[in-house]
Amino acid sequence: MNKTAEIKTAIIGYGFSATTFHLPFILSQEPFRFTAVSTSKGAQVKEQYPQVEVYAEAEALLTESDADLVIITAPNNVHFPLAKLALQQGKHVVLEKPFVTRVEQGEELITLAEKQGLVLSVYHNRRWDGDFLTVQKLIADGRLGPVRYFESHFDRFRPEVRKRWRESAVEGGGILFDLAPHLLDQALQLFGPPTAITARVHTLRTQAEADDFFHITLHYPERLAILRSSPFCAAPNLRFEVQGETGSYVKHGLDPQEERLKSGLQPINEGWAQENAEQYGHLYTADGAAALTTETGGYQHYYQQLASAILDGGEVPVSAEQALWNIRLIHLALQSSASGQTVALAELTTD
């Protein structure tokens, strides 16, 4: 990588996603330099980062700033127009997941990025969760044998509806667009696209405006993959259960990186994301059970690969083409839930 180059980086939005999942890495990873932000919290930004340009409107940032890279953490329903304008202005783009809300939007952005010769990526950071890396390694090493059943949860205990756009009845609102991209992306990384989907997407909480529960079954010729999110899980959360012909792996609890970032921990050493021993999952075989050390994750690896892609033409950490599969599968899940039937991948429509 070019050690002397820098990547002037702007962020659209200054909420939870920007301050928790992006800024800590922009500030701690070379060659990124935080230069601009669009937000209504201008006074707060200026107090913390006086050298950063603040724009009240995202469009002004995109047309007036000299940023090389724009990170878009705005609501899902404006991902497409903002990313399109950024690419038209010659800026590399990272979109917070989900990529877009409609398949045709993603296809248009991919074509535009290719035409402009720009990097277009989606922040599927949970590819770098330690527990997922552990599952990936177990499968790759054959320690479970052929996998026949895979279960992945992102459950929470949030029985009360919150007043925020993610829980509003807007395009791209609801838990399916919020959390399913994490689980779908991981399943796609492990097993590729399924042959069919059976899904149930519901609004279970009183006074909820948008879906808050999903149960998705991905059908493969030799396995089933179950993906679920519920707002009523007060018990210890099952994260993964992977069953193969020679063993099973069971893991509870979420990767610790989010909580550590929320607490203000700076990701400045390689071990910051390592799980504590009491968080380890267990490997079960005919010989018995044993705790299995979780692989060390680290969301910084996304940004390290992103820098290489921008400066040296390296591989994009999460390509837009890969991210678009999540949107295809979300729409397929919605079709299945609405019809009450299993839907083959070939039956996907984007209406």
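Let's start with salt bridges. The count comes to 18 in this protein. Keep in mind that this is a predicted model.

Take one pair first. Asp178 and Lys97 form a salt bridge through their side chains, with N to O at 2.9 Å. Where do Asp178 and Lys97 sit in the chain? Asp178 is in helix α7, which covers residues 175–178. Lys97 is in the loop between β5 (92–96) and α5 (103–116). The two are 81 residues apart, so this pair links distant parts of the chain. Both Asp178 and Lys97 are buried.

Next pair. The side chains of Glu245 and Arg148 meet in a salt bridge, 2.5 Å from N to O.

Arg148 has 35% relative accessibility, which makes it partly exposed.

Third pair. Lys251 and Glu275 form a salt bridge, and their closest N and O atoms are 3.1 Å apart. Lys251 lies in strand β12. Glu275 lies in the loop between α9 (257–262) and β13 (281–285). The pair therefore ties together parts that are 24 residues apart in sequence. Buried means under 20% relative accessible area. Lys251 has 0%, so it is buried. Glu275 has 4%, so it is buried as well.

One more item on this topic.

Now step back to the whole protein. How many helices and strands are there? The protein has eleven helices and 15 strands. Its radius of gyration is 20 Å. The globule rule gives 20 Å for 351 residues, so the protein is as compact as a globular protein of that length. Along the principal axes, the C-alpha atoms fill a box of roughly 60 × 45 × 40 Å.

What about the inside? Of the 351 residues, 55% count as buried. Look at the contacts with a separation of 6 or more: residues 24 or more positions apart account for 69% of them.

Charges next. The protein has 30 positive and 43 negative charges.

Find Leu218 in strand β9, residues 213–220. Its relative accessible area is 1%, so Leu218 is buried. What does Leu218 touch, leaving out residues up to four places away in sequence? Its contacts include Leu184, Ala187, Pro194, Ala196 and Ile197. Arg223, Leu224, Ala225 and Leu227 are also among them.

For a sense of distance, now find Glu57. Leu218 and Glu57 are 161 residues apart along the chain. Their C-alpha atoms are separated by 40 Å.

Technical notes. Residues are numbered from 1 along each chain as its sequence is written. This is a predicted model: local features need pLDDT of at least 70, side-chain atom pairs count only at pLDDT 80 or more; totals for chains, interfaces and linings use all residues. Side-chain values use heavy atoms; hydrogens and water are left out. A salt bridge is a side-chain nitrogen of Lys or Arg within 4 Å of a carboxyl oxygen of Asp or Glu. Helices (H or I, at least four residues) and strands (E, at least two) are DSSP runs, numbered from the N terminus. Buried means under 20% relative accessible area, exposed over 50%, partly exposed in between (1.4 Å probe, protein chains only). The radius of gyration is taken over C-alpha atoms; the globule rule is 2.2 Å times the number of residues to the power 0.38. Contact means heavy atoms within 4.5 Å. Lys and Arg count as positive and Asp and Glu as negative; His and the chain ends are not counted. The place of a charge is taken as NZ of Lys, CZ of Arg, CG of Asp or CD of Glu.
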